[in-house]
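Hello, and welcome to this structure.

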Amino acid sequence: MQNYIIITNNPLTARNAASNNVLRYYEGVDILSILTIVRANIHEGHKLATHPLTSSIKPNETPYKTVLMYSRKGSLCVESLEMVESAIRVTEKFVQRQPPRSWDSMPQKILDDLAIIDYDMIKQWIT
């Protein structure tokens, strides 16, 4: 079974990640911060295992983001770096056009649904 580095701000993902993975849970940070953390891991020699912008939900329409990276380090993966840089640009563009909602005032049921959508995108690899 492949071991991953899980970079997430999703509490559902954090609760359900198998122990053979490296969990890096960042409670309360926004999606742009998660992508910046992913970029830093790429510069350390890790490679993306999932695309940084999965699902059809726009990055300003959800508070949650989970990205999987291979735990084994290597040389800088230019393809991974280009993908995350593109994801950062797309996220910045969406946030500039329409800033994210205030997630603090969002009903918990909606937050739970958004957490499930994010988690469903990666659960087959991490549980």
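1. Let us begin with the second largest pocket, which holds about 160 Å³ of space. Its lining is made of 14 residues, and Thr54, Ser55, Ile57, Thr62 and Lys65 are the closest to its centre. A pocket here comes from a 1 Å grid over the protein atoms alone: it is an open set of points where a 1.4 Å probe fits, with protein on both sides within 12 Å along at least five of seven lines, and lining residues have an atom within 4 Å of a point. The volume is the space filled by probe spheres set on the points, with grid points joined across faces, edges and corners.

2. A word on where this comes from: the model is predicted, so local features need pLDDT of at least 70 and side-chain atom pairs count only at pLDDT 80 or more, while totals for chains, interfaces and linings use all residues. Residues are numbered from 1 along each chain as its sequence is written, and side-chain values use heavy atoms, with hydrogens and water left out.

3. Which helix gives the most to the lining of the second largest pocket? Helix H4 (residues 108–120) does, with three residues. By class, this lining has seven nonpolar, four polar and three charged residues. Nonpolar covers Ala, Val, Leu, Ile, Met, Phe, Trp, Tyr, Cys and Pro; charged covers Asp, Glu, Lys and Arg; the others, Gly among them, are polar. Helices (H or I, at least four residues) and strands (E, at least two) are DSSP runs, numbered from the N terminus.

4. With a relative accessible area of 34%, serine 55 is partly exposed; buried means under 20%, exposed over 50%, and partly exposed in between (1.4 Å probe, protein chains only).

5. Now for the largest pocket, with a volume of about 370 Å³. It is lined by 20 residues, and Asn9, Val29, Asp30, Pro63 and Trp103 lie nearest its centre. H2 and helix H3 (78–97) are the elements that give two or more residues to this lining. Its classes are 12 nonpolar, five polar and three charged residues.

6. Which way do they point? Tyr4, Ile6 and Thr8 point one way, and Ile5 and Ile7 the other way. In a regular strand, side chains alternate between the two faces of the sheet.

7. S1 has two partners to trace. With strand S3 (residues 66–70), S1 pairs in the antiparallel sense over five bridges; two strands count as paired if DSSP finds at least two bridges between them. Isoleucine 7 stands opposite valine 67 in S3, and threonine 8 stands opposite threonine 66. S3 is mostly covered too, with four of its five residues buried.

8. With strand S2 (residues 22–25), S1 pairs in the parallel sense over four bridges, and isoleucine 6 stands opposite leucine 23 there. Between S1 and S2 the chain passes through helix H1 (residues 11–16), and this β-α-β crossover is right-handed. That is, with the strands pointing away from the viewer, the path from the first strand over the helix to the second runs clockwise.

9. How many salt bridges does the structure hold? There are three, a salt bridge being a side-chain nitrogen of Lys or Arg within 4 Å of a carboxyl oxygen of Asp or Glu. One of them joins glutamate 85 and arginine 39 (3.4 Å, N to O). This pair links distant parts of the chain, with glutamate 85 in helix H3 and arginine 39 in helix H2, 46 residues apart. Glutamate 85 is partly exposed at 25%, and arginine 39 is partly exposed at 23%.

10. Lysine 109 and aspartate 113 also meet in a salt bridge (2.9 Å, N to O). They are separated by about one helical turn because they are four residues apart in helix H4. Lysine 109 is exposed at 56% relative accessibility, whereas aspartate 113 is partly exposed at 31%. Lysine 123 and aspartate 120 form a salt bridge as well (3.2 Å, N to O).
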